[in-house]
Amino acid sequence: MADRRSRSVSSRKHPKQARSSDLVAAILDAAVQVLATEGAQRFTTARVAERAGVSVGSLYQYFPNKAAILFRLQSDEWRRTSELLRGILENQAEPPLARLRALVHAFIRSECEEAAIRGALDDAAPLYRDAPEAQDARAAGEGIIAAFMREVLPKASDATRDLAGELITTTLSEVGKSYSEEPRSVVEIAAYADAMADMFCAYLARLARR
């Protein structure tokens, strides 16, 4: 079962030539447009192919079904999030809590800028969220957070660090999603992110003093 599910959300083949890469990029760009305008419920390979200006057969050369397209979009999003986490949290030139504050601002800003596509991907998550690739992608982000928690809470127990990491990431994800459902100004986003960062930093500072 796991193997079949894994194949069903993986790309059929990977482009090796520039022309093929351009075709895949066009399909993915079209998929983002269809997902943002039509939503997950009306997302189909036919609509994506039409928007991309390619045949459904050409699309199927790289993506066997709509779940594979959606998973590729989500995988790209997870990759960008992991790069965001790593780039900010592993920057040893900044104090840990300053890095956390920068992460909160970057994450909330990103959530608001990409609210439509992220909301639609969340709606489509049941198609691929249990696939092995999805679990691996989530594990990569969790590893970055865990390493940061070991740095900021060196004397805390593993259970305390795990709880702190889960609380922060879950709050960021859920609150960020909720906050981004309405249009926000740059000033509003900055003020909201500051307040959330204050809360996280105070929480970690209290744990560090124990």
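Predicted model: local features only at pLDDT ≥ 70, side-chain atom pairs only at ≥ 80, totals over all residues.

I call a residue buried when its relative accessible area is under 20%, exposed when it is over 50%, and partly exposed in between. With that cut-off, I looked up the buried share: 38% of the 210 residues in the protein chain.

**Entry: overall build**

I went through the secondary structure and found 10 helices and zero strands in the protein chain. Read along the sequence, the pattern is α-α-α-α-α-α-α-α-α-α. I boxed the C-alpha atoms along the principal axes and got roughly 60 × 40 × 30 Å. For contacts with a separation of 6 or more, I find that 71% join residues 24 or more positions apart.

**Entry: surface and charge**

I then counted charged side chains: 29 positive and 29 negative. The centres of the two sets lie 4 Å apart.

**Entry: the cores**

Which residues touch the most other members of the largest nonpolar core? That core has 30 residues, and the answer is Leu 100, Val 104, Ile 108, Met 149, Leu 153, Leu 172 and Leu 204. The elements giving two or more residues to this core are α5 (66–89), α6 (96–113), α8 (132–152), α9 (158–179) and α10 (186–209). I note that α10 gives the largest share, nine residues. There is also a second, separate core of 28 residues, and Ala 30, Val 34, Tyr 62 and Ala 120 are among them.

Skipping its neighbours within four places in sequence, I find Leu 172 in contact with Val 104, Phe 107, Ile 108, Lys 177, Met 196 and Phe 200.

**Entry: Ile 168**

Ile 168 sits in helix α9. I count Ile 168 as buried because its relative accessibility is 3%. Not counting residues up to four places away in sequence, Ile 168 touches Leu 100, Met 149, Phe 200 and Leu 204. I also checked Ile 168 against Arg 101: they are 67 residues apart along the chain, and their C-alpha atoms are separated by 12 Å.

Does the span of α8 agree or disagree with its residue count? At 1.5 Å a residue, its 21 residues should span 30 Å, and the end C-alpha atoms are 30 Å apart, so the two agree. The buried residues I listed in α8 are Glu 133, Ala 134, Gly 141, Ile 144, Ile 145, Phe 148, Met 149 and Val 152.

Ser 75 counts as partly exposed because its relative accessibility is 21%.

**Entry: two loop residues**

Are these two buried or exposed? Ala 156, in the loop between α8 and α9, has a relative accessible area of 18%, so I log Ala 156 as buried. I find 47 Å between the C-alpha atoms of Ala 156 and Ala 30, which are 126 residues apart along the chain.

Ser 180 is in the loop between α9 and α10. At 9% relative accessibility, I log Ser 180 as buried too. Leaving out its neighbours within four places in sequence, Ser 180 is in contact with Glu 111, Cys 112 and Ala 115.

Terms used: Residues numbered from 1 in each chain as written. Heavy atoms only, no water. Helix = DSSP H or I, 4+ residues; strand = E, 2+ residues; numbered from the N terminus. Buried < 20%, exposed > 50% of the residue type's maximum accessible area, 1.4 Å probe, protein only. Contact = heavy atoms within 4.5 Å. Lys, Arg positive; Asp, Glu negative; His and termini not counted. Charge placed at Lys NZ, Arg CZ, Asp CG, Glu CD. Core = buried A, V, L, I, M, F, W, Y, C linked by side-chain atoms within 4.5 Å. Expected span 1.5 Å × (residues − 1).
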